[in-house]
Amino acid sequence: MKVLVPVKRVIDYNVKVRVKPDQTGVDLANVKMSMNPFCEIAVEEAVRLKEKGAATEIVAVSIGPQQAQETIRTALAMGADRGILIQTDDDLEPLAVAKLLKAVVAEEAPELVLMGKQAIDGDNNATGQMMAALLGWPQATFASKVEIADGKATVTREIDGGLQTLEVALPAIVTADLRLNEPRYASLPNIMKAKKKPIDVKSTGDYGVDVAPRLKVLKVTEPPKRAGGIKVESAEQLVGKLKEAGVL
Amino acid sequence: MAVLVVAEHDNASVKDATNKTITAALALSSDVDVLVAGLGAGAAAAAAAGIAGVRKVLHAEGAAFEQGVAEAVEGLVVPLMATYDAVLFAATATGKNAAPRIAAALDVSPISEIQEVVNATTFVRPIYAGNALETIETSDAKKVITVRTTAFAAAGAGGSASVETVTAGAPSAHVTFKGAEIVKSDRPELAGAKRVVSGGRAMGSADEFHNVIEPLADKLGAAVGASRAAVDAGYAPNDYQVGQTGKVVAPELYVAVGISGAIQHLAGMKDSKVIVAINKDADAPIFAIADYGLVADYKSAVPELMGELAKAGL
């Protein structure tokens, strides 16, 4: 079984995000970039499927600037076999990303697409579901457990109030939630090996799909700041303050 | 323009998240219809018809709807969109699962988690875990939107809409529902609770979390939350997680116990009306946004707080 894992290069999740003074976006200059944490979980799950013998090949695909090659290398160092970079400096919307990934699926014919449930920059939580619709494939989002057998994926999903288990026929899209696994750190030998793994560089034009934006960002602003309050000395004083504030 | 709101419900009643989504929908248009799709959901449909501002309720029946299967919701909603200009979902696990699928089927860029309706084509939504807000304008003729429910007031009672039955197509053969484990709890639902008590990594164990956080929550009639660190460490289940990657809450009272206040947690609770932080580290970032900070070890502070709350008649 071939597994396709889309990965995204985003601001590292520990970096404090700063809005540009001209309100055109957030400042990405000289900021640490990393693989989106949910994408890392998806790569890890694919590698585990390969280690268990359920997957035979893992292809990591990224859509982004030239530096997204580093993100693909990270996936290769974790255990992916090869990479595809669709190079673009445009910030594509999930609809465009889903269309490009659909075209990659047409070329690669994976039986499973494993991807993060959302990227922590745009926070859209949309691309996996959109790809599934465009492909006419079943989806199992927010996965906390994935089992592959007999041409089916049995997926435990995180839903409001608990868990749900769905069985989806392959090919299918599975999006990873936080509890699916804890991604490994790549070992030095694997990082060295990853440098020799192939990355195919493409452009968005190679796929002949419409990637024009539908949404126009009018401005990006800082959220209103919350003023800090006071320190109380005791539980007794705290309860008094909460009564005054009318929340008890 | 006509707007469709896809309701969340338990077949008997409509969830508060839907009342809030209706408020967002009414900011777009006065022609707001509500779709109630479920199994034996007649009572929920009748409840939706009683919400103020609702023009009409569409009621569809099918087992796959009760299970929130996105493929089924897509199959039902996409044909209905011939007569609607926008469809809104609450940005819950169920709404987020289905909405983008419908957007792709309609060749539309979805607009996720709006927190403000500027006008019929312009919306404000949080990005980077709420560390920035983007104002975006859509050029799509039809709009597919999920709504951050904490940002909108709930539409009240007082409606008398008619209920119309719509017929659903055959369910997808590619998806089989195998089961669900819904945690039964007498506590309020985290996302919509008026009070929330959350525990962090300082708890040190699942037992400690259970023994400290839950009684305090019950004393306050609060929902239980947790930081990602506490969830990662296995002290609390994932659906307790408050933060960027978990639930976003905005209760009247948020009590953070042994939570340092990582950016990712603050993103999920900073819009709470009153924030209380109990932490023994006086420099913890949580104190920078807390209205009332108590620098103390939770091991002594929580029992004292329980005692004071009891004295106050709680």
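Two strands pair if DSSP finds at least two bridges between them. Strands (E, at least two residues) and helices (H or I, at least four) are DSSP runs, numbered from the N terminus. Now apply that here. Look at Gly162(A): opposite stands Ile182(B), in strand 11 of chain B.

A word on the source. This is a predicted model: local features need pLDDT of at least 70, side-chain atom pairs count only at pLDDT 80 or more, and totals for chains, interfaces and linings use all residues. Residues are numbered from 1 along each chain as its sequence is written, while chains are lettered from A and ligands numbered from 1 in the order in which they are written.

Next, the contact between the chains. Residues touch if their C-beta atoms, placed from the backbone, lie within 7 Å. Chain A puts in 66 residues, chain B 73. On the chain B side, helix 5 (residues 93-105) gives the most, with nine residues.

Last, a helix pair inside chain B. Helix 6 (residues 206-220) and helix 9 (residues 298-311) of chain B pack at about 20°, axes 11 Å apart. Axes are lines fitted to C-alpha atoms, for helices over the stretch in contact, and angles run from 0 to 180 degrees between N-to-C directions. Helix 6 and helix 9 of chain B are therefore roughly parallel (angles under 35 degrees). Who meets whom? Val212(B), Pro215(B), Leu216(B) and Lys219(B) in helix 6 meet residues of helix 9 including Tyr298(B) and Leu309(B).

Conventions:
Two residues are in contact if their C-beta atoms, placed from the backbone, lie within 7 Å. Angles under 35 degrees count as roughly parallel, over 145 as roughly antiparallel, 65 to 115 as roughly perpendicular and the rest as oblique.
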